[in-house]
Amino acid sequence: MRKIILSILGILLIVGAVFAAKAIIDSKKNVKPKAEKVVKTVFAETVQNGNVPIVVAANGNLRAKRRVELYSEVQGVFRKGNKLFKTGETYGSGEAIIRIDASEYRASVQSAKSNLYNQITSIMPDLRLDYPEVFPKWQTYLNGFDIEKSTPPLPEMSTEKEKFFISGRGILTSYYNLKNLEQRLSKYRISAPFKGVLTEALVTEGSLVRSGQKLGEFINTEEYELEVAVSKTYSDLLTVGEDVTLTNLDKTKTYKGKVARINGSVDVASQTIKAFIEVKDNTLREGMYLEANLDANEETDAIEIDRNLLLENDQIFVVRDSILDIIDVKPVYFTDKKVVLKEVPNGITIMTKPLVGAYAGMTVKIFEGTTANTNE
């Protein structure tokens, strides 16, 4: 009897434990939170088509408009001048840049002058007797003949007899040989053709200079040219004399220039045309990098947006009743940051800043602080 009672109690305890465990399990229900729908905010504006100027951006390095490469046409020792032949040295127009020792050659020129003077002197008695009418002008020529100065032109010979007489005595030959020597002597001194600065110096004082040797480079610092390559699409819209705005690399300074020349041929490889922009400013230096903005054209009924807003297949995002949608557009001009679009309906709302993960059908809300009507 006792065993039966104990068995019944054991069964009751097991059943009770089962029900208690089930009650405990049922009491711990995991309540899943409802996922909140996130609505992203977009920056947008209402489209108003208008006239968009097409500004062709180009860039390049400045070069002096007037420059001279200095070469020696004679041989000799480079003599020291009033200024050191160093880069950065400035010279005025007509000032000697290079002097080459010409003492030996100058002596030969003086000898030739003396010979010409003696030849003319030797014919004076014959001129007095046979050609008294021309004697005074040749006497005046001798009186003004200075061996230390450049040889003056011979008197004008008015008759055939006078020409034959003078030529027969070898005076014309001696005169032109002398002028040739004087011309050669002038090449021992190289003068500045304009006011400027020496930008390259390849020799030093005391060194031997050989004929045909390059000595340096001299530029004018008042006028510069910027060579830029422009797409042939807009080449017919550029005109000589057109004003151009130039900026430096840091965008800290602006310069005013004008189109000076336009090349008549198209570069086969790049399909561009070279344009040369003239600019003047005391702060400019050769080799400076400048960017030019050329007013090439104007598109009507168009807008301009950031280039990263244009999707593949020439599409952009628009907002319709808080839902993103995609429309087709027609790009007509690209820059490195902007794109000009046509066939965008007036009054439609477009995104003005990219949205990560955007897709057609996405629910969005427009940021009130930036919504505005703008004329592009």
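Q: Which residues in α2 meet residues in α3?
A: This is a predicted model. In it, Tyr117, Ile120, Thr121, Met124, Leu127 and Arg128 in α2 meet Phe135, Trp138, Gln139, Tyr141 and Leu142 in α3. By class, the contact of α2 with α3 has eight nonpolar, two polar and one charged residues.

Q: Why is α2 called roughly antiparallel to α3?
A: Two packed helices are described by the angle between their axes and the distance between the axes. The axes of helix α2 (residues 103-130) and helix α3 (residues 135-143) cross at roughly 155 degrees and come within 10 Å. That angle makes α2 roughly antiparallel to α3, because angles over 145 degrees count as roughly antiparallel. The crossing in which α2 passes α3 is left-handed.

Q: What makes α2 and α5 roughly antiparallel to each other?
A: Helix α5 covers residues 171-186, and α2 packs with α5 at an angle of about 160 degrees, with the axes 10 Å apart. The cut-off for roughly antiparallel is over 145 degrees, and α2 and α5 are therefore roughly antiparallel to each other. The crossing of α2 and α5 is left-handed.

Q: Which residues in α2 meet residues in α5?
A: On the side of α2, the residues are Tyr105, Arg106, Ser108, Val109, Ala112, Lys113, Leu116, Gln119, Ile120 and Ile123. In α5 they meet Ile171, Ser174, Tyr175, Leu178, Leu181, Glu182, Arg184 and Leu185. By class, this contact of α2 with α5 has 11 nonpolar, three polar and four charged residues.

Q: What makes β5 and β7 a pair of strands?
A: Strands pair if there are at least two bridges between them. Strand β5 (residues 76-79) and strand β7 (residues 96-100) are joined by two bridges and run antiparallel. Arginine 79 has arginine 99 in β7 as its bridge partner.

Q: How many bridges does β9 make with β6, and how many with β11?
A: Strand β6 (residues 90-91) pairs with strand β9 (residues 196-201) in the antiparallel sense over two bridges, and threonine 90 stands opposite valine 197 in β9. Between β9 and strand β11 (residues 214-219) there are four bridges, again in the antiparallel sense. Leucine 198 stands opposite phenylalanine 218 in β11.

Q: What joins β17 to β18, and what lies between them?
A: Six bridges join strand β17 (residues 315-320) to strand β18 (residues 323-328), and the two run antiparallel. Glutamine 315 stands opposite aspartate 328 in β18. The hairpin has two residues between the strands, and aspartate 321 takes a positive phi near 55 degrees there. With strand β21 (residues 349-351), β17 pairs in the antiparallel sense over two bridges; valine 318 stands opposite isoleucine 350 in β21.

Q: Where does pLDDT stay under 50?
A: The chain averages a pLDDT of 86, and 92% of the residues score at least 70. Over residues 370-376, pLDDT stays under 50, and the model has 20 contacts beyond four places in sequence for them. Where pLDDT is low, the predicted coordinates should not be read in detail.

Methods. Residues numbered from 1 in each chain as written. Predicted model: local features only at pLDDT ≥ 70, side-chain atom pairs only at ≥ 80, totals over all residues. Heavy atoms only, no water. Axes fitted to C-alpha atoms, helices over the stretch in contact; angles between N-to-C directions. Parallel < 35°, antiparallel > 145°, perpendicular 65-115°, else oblique. Left-handed = near helix turned anticlockwise from the far one by under 90°. Contact = heavy atoms within 4.5 Å. Nonpolar A, V, L, I, M, F, W, Y, C, P; charged D, E, K, R; others polar. pLDDT = per-residue confidence, 0-100.
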